[in-house]
Amino acid sequence: MDYQTLKVSFDTRVCRIALHRPEAGNSIDGRMILELGQVLDRCAGAGCGVLVLEGAPEVFCSGGDFEALAASSAVPDPAPLYELWQRLATGPWVSVALVRGRVNAGGVGFVAACDMVLADRSAVFSLSELLFGIFPACVLPFLVRRIGLQKAHYLTLSTRPFLAGEALEMGLVDALDDDLEALWRRHLLRLQRLSPAAVARYKAYLAGMGAQLEALKPAALVANRALFGDPVVQGHIRRYVAEGKFPWEA
């Protein structure tokens, strides 16, 4: 299949997906969410055991597409993206994020949703939402699940970039190496030995233990819609897109 926002390859029960919107910093738009959902459908149908998600060397994912938000008067529906992250977190595969470069806002959601996160030292993580008067309502259930409430709270309030080493210490990254491909190959040697059926049973069991993702979903969606429906927030986003200025700048 041809995709507009992704590069996808299948090899021996391994699906490798590269986010590919270089003109937009690999930002998330409706098309990307739709196409990722289609790939996950293919993975489920093909009995894929390992699903790999990566970006470009300079940017993994810069978060939501502010240009698309600024150009539309409609409040975006956060449900498809939340449900996509749920599938990454609970689906019958091992989801692995290979992270290089910048990871911001919704990009952190992709990372936090994956079972394993492997990174090189170019990776930089941040949650910048509060700078625009919003907060990462849909990211937080996945981030708290991975690193705990206080660390996610600090990451949200500080809005500052965190280097790969710091992300490793807080548990957002599981393994770090200067050679990310070599790191990935070492992990793949073990992952390929796992039975897809065993992984599926394990992930179903784990999902039952972590049912908070589904429980927290309604509140996350309500909060997200309220934030992006706020005319003040919409004005901040449009001004940033048009002038490159943050809300506090004159």
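Close-up 1. Strand E8 (residues 124–126) and strand E9 run antiparallel and are joined by two bridges, where helices (H or I, at least four residues) and strands (E, at least two) are DSSP runs numbered from the N terminus. Within this pairing, Phe125 stands opposite Phe162 of E9. The model is a predicted one, in which local features need pLDDT of at least 70 and side-chain atom pairs count only at pLDDT 80 or more, whereas totals for chains, interfaces and linings use all residues. Residues are numbered from 1 along each chain as its sequence is written, and side-chain values use heavy atoms, with hydrogens and water left out. The sheet to which these strands belong is open, has four strands in the order E4-E6-E8-E9 and is mixed in its pairing; two strands count as paired if DSSP finds at least two bridges between them. E4 and strand E9 (162–163) form the edges, each pairing on one side only. Helix H4 lies across E4, E6 and E8, and its direction is at about 95 degrees to that of E6.

**Close-up 2. The packing of helix H3 against helix H4.** The axes of H3 (residues 79–90) and H4 (residues 106–113) come within 8 Å and cross at roughly 25 degrees, which makes H3 roughly parallel to H4. Axes are lines fitted to C-alpha atoms, for helices over the stretch in contact, and angles run from 0 to 180 degrees between N-to-C directions; those under 35 degrees count as roughly parallel, over 145 as roughly antiparallel, 65 to 115 as roughly perpendicular and the rest as oblique. H3 contributes Leu81, Leu84, Trp85, Leu88 and Ala89 to the contact, and H4 contributes Gly106, Gly109, Phe110 and Ala113, contact meaning heavy atoms within 4.5 Å. Sorted by class, the contact of H3 with H4 holds seven nonpolar, two polar and no charged residues, where Ala, Val, Leu, Ile, Met, Phe, Trp, Tyr, Cys and Pro count as nonpolar, Asp, Glu, Lys and Arg as charged, and the others, Gly among them, as polar.

Close-up 3. E1 and E2 run antiparallel and are joined by six bridges, with Leu6 standing opposite Leu19 in E2.

Close-up 4. E5 is mostly covered, six of its six residues being buried, that is, under 20% relative accessible area, with exposed meaning over 50% and partly exposed in between (1.4 Å probe, protein chains only). Val94, Val96 and Leu98 point one way from the strand, while Ser95, Ala97 and Val99 point the other way, and all are buried. E5 pairs with E3 in the parallel sense over five bridges, among which Val94 is the bridge partner of Val50. The pairing of E5 with E7 is also in the parallel sense, over four bridges, and here Val96 stands opposite Met116 in E7.

**Close-up 5. Salt bridges around Arg21.** A salt bridge is a side-chain nitrogen of Lys or Arg within 4 Å of a carboxyl oxygen of Asp or Glu, and by this rule the count comes to 18. Arg21, buried at a relative accessible area of 10%, forms a salt bridge with Asp65, their closest N and O atoms being 3.1 Å apart. This pair links distant parts of the chain, 44 residues apart, with Arg21 in the loop between strand E2 (14–19) and helix H1 (30–46) and Asp65 in the loop between strand E4 (59–61) and helix H2 (66–71). Asp65 likewise counts as buried, at 11% relative accessibility. Arg21 also forms a salt bridge with Glu23, at 3.8 Å between the closest N and O atoms; Glu23 is exposed, with a relative accessible area of 63%.

Close-up 6. The side chains of Arg100 and Glu54 meet in a salt bridge (3.5 Å, N to O). Arg100 lies in the loop between strand E5 (94–99) and strand E6 (102–104), and Glu54 in strand E3 (residues 50–54), so that the pair links distant parts of the chain, 46 residues apart. Both partners are buried, Arg100 with a relative accessible area of 16% and Glu54 at 10% relative accessibility. Salt bridges that share partners join Arg16, Glu54, Arg100 and Glu181 into one network.
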